[in-house]
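Please look through the sequence and the model before reading on. The paragraphs below go from ring pairs to the relation between the chains, and then to the DNA.

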2 protein chains.
Amino acid sequence: MTSSTRDKMIAGAADLMSRGGVNATSMRDVVRHTATPRGSISHHFPDGKRQLIAEAVVFAGKQVSIPLEKAMSERGVIGGLRAFVASWRRRLEATGFEAGCPVLAVAVDRYVGEVSDKDDDTAQRHLLDLADGVFADWQQIMHTALLREGLAAERAERLATLVVASIEGTVAMCRASRSAAALDQVQEELETVLAAALARTAK
Amino acid sequence: MTSSTRDKMIAGAADLMSRGGVNATSMRDVVRHTATPRGSISHHFPDGKRQLIAEAVVFAGKQVSIPLEKAMSERGVIGGLRAFVASWRRRLEATGFEAGCPVLAVAVDRYVGEVSDKDDDTAQRHLLDLADGVFADWQQIMHTALLREGLAAERAERLATLVVASIEGTVAMCRASRSAAALDQVQEELETVLAAALARTAK
DNA sequence: TGACTAATATGACAATCGTCATATTTCAGG
DNA sequence: CCTGAAATATGACGATTGTCATATTAGTCA
């Protein structure tokens, strides 16, 4: 059995990263926040903090993509978008606008803590590749859902990028304003755009 | 004369923040990166790092809003959008996709470095208020430009939020992918949305 | 039960952080 | 030139960071 301690550390790291970014999340914070033994860090994550962050990014990616894919196939593009936005709004309001997206945090922050500049660069590139993969994953789910409803491939790709990027930006802005108003506005405009794009192919 | 050292520190802090976030930007990095005297930090910024970050946010906000406002009034909404996107693309490509938006970094990161949790909360809230003010400033420039071309107030507000949020998110995603492709896609869709919204009022 | 590995506990290490006290330099105004 | 304030230089402080070495416990299979 893979230790539950490991999973708790990963989930806790993702949560802390979503609240304060990569460098505001210390290993001591993770064990404090998750009530896990500090002595097990190097045992479960022999590559140290960069490994924990990397696994937290992948974890956060799946945590979003799995329900997103289900909502897209069950309720269509518009319904999937609504579920996507609703999950972010729930997270924002449940935490008093303290928690955002840990993947965006990895994309924005530079990981510090390597000894040489060479290792620092490769570690940073690895984390960025993982974040990029998560974003690409979310976009592809949106992309295939749009294709399924008849959109042209290039248009579907552009719209998928717009949806993911705008919601990522909006979530961060909502944290700054401590209000979900921006999320309401963006949701409405995205629904309008998607509905118009889908209506054009349906006629 | 207000010291040029002070301005260089603020600009350098904004630059480093846009590359690695708030907590990856140390005061020693700022003086190293800007070749400014380390002994002058507490002289020019008696409130320490939080003051430097705060001034860097305001600086970065004006650095964007001033040319944005000019482009909006000279070239209209579509032209202003293109100038807005182009300036971000230039920044991304000129730095090898290392530099992003320092205001987004403040919105994503939690500032650590205060002694008490009480001071930490108020300092964090202050920085978030500044970041929120910058975003609101950019949105309002877009908002008034849309009003000037005949859009209804609520629609103009929603579109302004969509534009700022989606571009902020896209810039971060472009850093992760080390490619400006997402920026191209988002720009095209935003232009389509704005053109359609403006055409409806023009008829 | 005995043995062996996984898991956790504990303390220490060097490095870096923001900040501050103190000393020195720079330089405009009398 | 003199003076006083602004600006810079320098070193140190305590606190925190990631990491690791060592020791102890837990748990599982023979």
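Are B:Phe135 and B:Trp138 buried or exposed? In this predicted model, both residues are buried. Their rings form an edge-to-face aromatic pair, with 5.9 Å from centre to centre and 80 degrees between the planes. B:Phe135 and B:Trp138 are three residues apart in helix α6 of chain B (residues 117-148), so about one helical turn separates them.

Chain B has another such pair in helix α4. B:Phe84 and B:Trp88 are also edge-to-face, at 6.4 Å centre to centre and with 75 degrees between the planes. Here the spacing is four residues within helix α4 (residues 49-94) of chain B, and therefore B:Phe84 and B:Trp88 are separated by about one helical turn. Both of these residues are buried. In chain A, ring pairs join A:Phe84, A:Trp88, A:Phe135 and A:Trp138 into a cluster. Over all chains, the count of aromatic pairs is eight.

The next topic is how the chains are arranged. Chain B is superposed on chain A by a rotation of 180 degrees, with 0.0 Å of shift along the axis and an RMSD of 0.0 Å. The two copies are therefore related as by a two-fold rotation axis. Both copies use the same surface, since 100% of the contact residues of chain B recur in chain A. Which residue of chain B comes closest to the rotation axis? That residue is B:Ser166, whose C-alpha lies 1.7 Å from the axis.

Now to the DNA. DNA strand D is surrounded by 15 residues, of which the closest are A:Arg28, B:Pro37, B:Arg38, B:Ser40 and B:His43. Sugar or phosphate accounts for 53% of the atoms of DNA strand D within 4 Å of the protein, and bases for the rest.

Individual contacts involve both kinds of group. On the base side, a polar side-chain atom of B:Arg38 lies 2.3 Å from a base oxygen of DNA strand D. The elements that give two or more residues to the surface near DNA strand D are α2 (27-34) of chain A and α3 (41-44) of chain B.

Notes: Residues numbered from 1 in each chain as written. Chains lettered and ligands numbered in written order. Predicted model: local features only at pLDDT ≥ 70, side-chain atom pairs only at ≥ 80, totals over all residues. Heavy atoms only, no water. Near = heavy atom within 4 Å. Polar contact = N/O pair within 3.5 Å; in protein donor to acceptor, adjacent residues only side chain to side chain. Least-squares fit on C-alpha atoms with pLDDT ≥ 70 in both. Contact = heavy atoms within 4.5 Å. Phe/Tyr/Trp six-rings, centres within 6.5 Å; stacked < 30°, edge-to-face > 60°. Buried < 20%, exposed > 50% of the residue type's maximum accessible area, 1.4 Å probe, protein only.
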